[in-house]
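The sequence and structure come before the comments.

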Amino acid sequence: MLRDITLGQYYRTESIIHKLDPRVKIVGTFVFLVAIFMVNNAIGYAIAGLFLAMNIKLSNVPVRFIFRGMRSIFLLLMISVLFNLFLTPGDPMFTVWKIKVTKEGLKLAAKMAVRLVFLITGSSLMTLTTTPNNLTDGLESILKPLKLVHVPVHEISMMMSIALRFIPILLEETDKIMKAQMARCADFESGSIINRAKNMVPLLVPLFISAFRRAMDLAMAMEARCYRGGEGRTKMKPLVYHKEDKVAYVVLVLFLIICVAVGRMKF
Amino acid sequence: MIRTDKLVFEYIRRDEEGNVEGITRAVDDVNIDVRPGQFIAVLGHNGSGKSTLAKHFNALLYPTDGEVIVDGMNTRDSEKIWDIRQEAGMIFQNPDNQIIGQVVEEDVGFGPENMGVPTEEIWERVDESLRAVNMLDFRKSSPNHLSGGQKQRVSIAGVIAMHPKCIIMDEPTAMLDPNGRKDVIRAARALNSVEGITVILITHYMEEVIYADKVFVMDKGHVEMQGTPKEIFSQVDKLKELRLGVPQVTLLAHELKKSGLPLPDGILTKEEFVEELKKLKR
């Protein structure tokens with residue numbers, strides 16, 4: 001059923017990582033990304049990898065779920081590895097036809113691959129363990145300082161959560177309109193791409209009209225319930241740091257220090 | 001509680017250059033007085049101006065002429081607008097388009113959040129309001145998984161959580177199946193009798209009107225008839241003229257009376273009808 005669609009890629013299970021405050025997870029992901037670009041040697045990567053593996057283990061998310069996200073970037077990964085492998089100047093290790101493979105190239109390619117894999121795994125671990133709702137709340141709270149430069153942080157996060165609420169409704173509606181048009185001999189499946197795109201018009205027009213109507217209704221309902229922007233609003237579920245969150249921050253700081261220290265070492 | 005004084009509202013239609021093309025009087029010279037604790041029904045067919053009237057009670061629309069006073073506050077007073085909206089809650093027709101939260105309890109908490117109620121109190125209010133509409137078991141569900149009647153009850157809970165003195169329901173049952181309709185009306189009646197909240201129910205279903213304290217019948221922006229359900233439904237011919245039906249039992253009694261049976265006017269329920277028939281037998 002369309003209404004059962006999961007948004008983002010949240011994986012529902014119980015774990016300490018799931019329970020962490022979304023702010024910790026967002027900051028943590030950021031710290032991890034910084035760290036993997038700071039370290040520059042095998043030991044550093046080993047530490048980062050270990051840290052990542054520990055988090056995956058703690059999150060109770062099956063490993064195959066995490067690597068599922070990898071499939072989509074496989075091509076990107078391959079391209080960057082091959083380019084680095086063949087186009088880096090330096091000591092030639094061996095030559096195939098006109099293409100030289102150098103020692104430096106091999107090193108660089110390996111580094112790139114490891115970094116990319118870590119990067120994707122780290123960030124998908126965040127989306128797998130945080131509901132979209134929590135993620136929006138966390139972002140709103142982290143980006144709060146931007147209000148000083150007039151970025152409408154509350155409005156953006158409200159828009160995001162309303163969008164999340166309405167995606168399943170609009171999907172269902174699309175399905176309904178599609179069936180209604182098909183019953184009147186509309187053809188959405190055959191023909192060239194251009195033709196198919198043209199045939200989408202009788203689907204999109206009613207969908208847009210109904211979306212606007214819904215938006216107007218919703219705005220009125222929100223106003224009727226005293227919505228007047230973020231000013232003076234309280235939260236039903238405010239984000240509060242617990243003991244685990246503080247521990248997590250300490251772990252993150254330690255991890256960053258270790259990575260910086262190891263990254264500076266020469267072997 | 002709510003009083004309108006010579007209320008007029010005009011929709012102004014404009015063409016593409018912004019010139020006035022025509023003026024439609026949706027509400028014309030309406031004088032209504034609703035007392036606290038009453039259950040009021042407003043009847044009328046499509047385009048009779050009943051929804052436009054309802055939106056005035058919540059300060060979503062402002063009168064073109066005349067006045068709307070909600071609990072002593074004039075809706076023209078822009079400083080009082082949020083107090084008015086808190087005291088006079090509003091339920092709309094389409095249950096999907098008025099639920100904001102992605103989880104039932106979050107939606108119920110939306111109103112109190114906007115009012116700046118402290119967190120612990122929001123939770124208390126959410127609990128009590130969901131209990132009042134009998135939806136406590138669904139508090140963690142996604143609104144997308146509920147039926148129409150359940151969604152509408154969630155909306156009602158969302159309004160109750162704001163502790164209003166009055167709830168205006170603008171055709172809350174129009175998009176529901178018969179079962180959902182019963183549940184919603186039952187919830188509305190319970191609010192009125194148990195919590196003492198004033199309810200203004202706008203509808204075109206006659207069956208929902210029979211329990212009201214007072215009924216207003218609208219046509220072309222005017223209040224054409226007002227009175228108790230009994231008074232209204234004893235004038236079957238007048239209602240027909242306004243393109244409104246009457247409950248089946250009332251119609252049957254009316255036709256029987258026309259054919260010569262000495263039945264009284266304005267029979268509303270089956271039980272009443274049976275009683276009257278028994279009296280005739282004796």
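**Notes on the model**

1. Buried residues (20 or more other C-beta atoms within 10 Å of the residue's own, the C-beta atoms being placed from the backbone) make up 48% of the 282 residues in chain B. This is a predicted model, in which local features need pLDDT of at least 70 and side-chain atom pairs count only at pLDDT 80 or more, while totals for chains, interfaces and linings use all residues. Residues are numbered from 1 along each chain as its sequence is written, and chains are lettered from A, and ligands numbered from 1, in the order in which they are written.

2. The secondary structure of chain B comes to 11 helices and 10 strands, where helices (H or I, at least four residues) and strands (E, at least two) are DSSP runs numbered from the N terminus. Chain B has a radius of gyration of 20 Å, close to the 19 Å that the globule rule gives for 282 residues, so it is as compact as a globular protein of that length; the radius is taken over C-alpha atoms, and the rule is 2.2 Å times the number of residues to the power 0.38.

3. In chain B, 64% of the contacts with a separation of 6 or more are between residues 24 or more positions apart, a contact being two residues whose C-beta atoms, placed from the backbone, lie within 7 Å.

4. Strand 1 (residues 2-14) of chain B and strand 2 (residues 20-34) of chain B run antiparallel and are joined by 10 bridges; two strands pair if DSSP finds at least two bridges between them. The two strands form a hairpin with five residues between them, and B:Gly18 in the turn has a positive phi of about 90 degrees. B:Glu10 stands opposite B:Arg25 in strand 2 of chain B.

5. The contact between the chains takes 26 residues from chain A and 29 residues from chain B. On the side of chain A that touches chain B, helix 9 of chain A gives the most, with eight residues.

6. Confidence deserves a separate comment. Among the elements of chain A, helix 9 has the highest mean pLDDT (91) and strand 1 (residues 92-96) the lowest (72). Over residues 1-7 of chain A pLDDT stays under 50. Where pLDDT is low, the predicted coordinates should not be read in detail.

Notes:
A residue is buried if 20 or more other C-beta atoms lie within 10 Å of its own, exposed if 12 or fewer, and partly exposed in between; C-beta atoms are placed from the backbone. pLDDT is the predictor's confidence in each residue, from 0 to 100.
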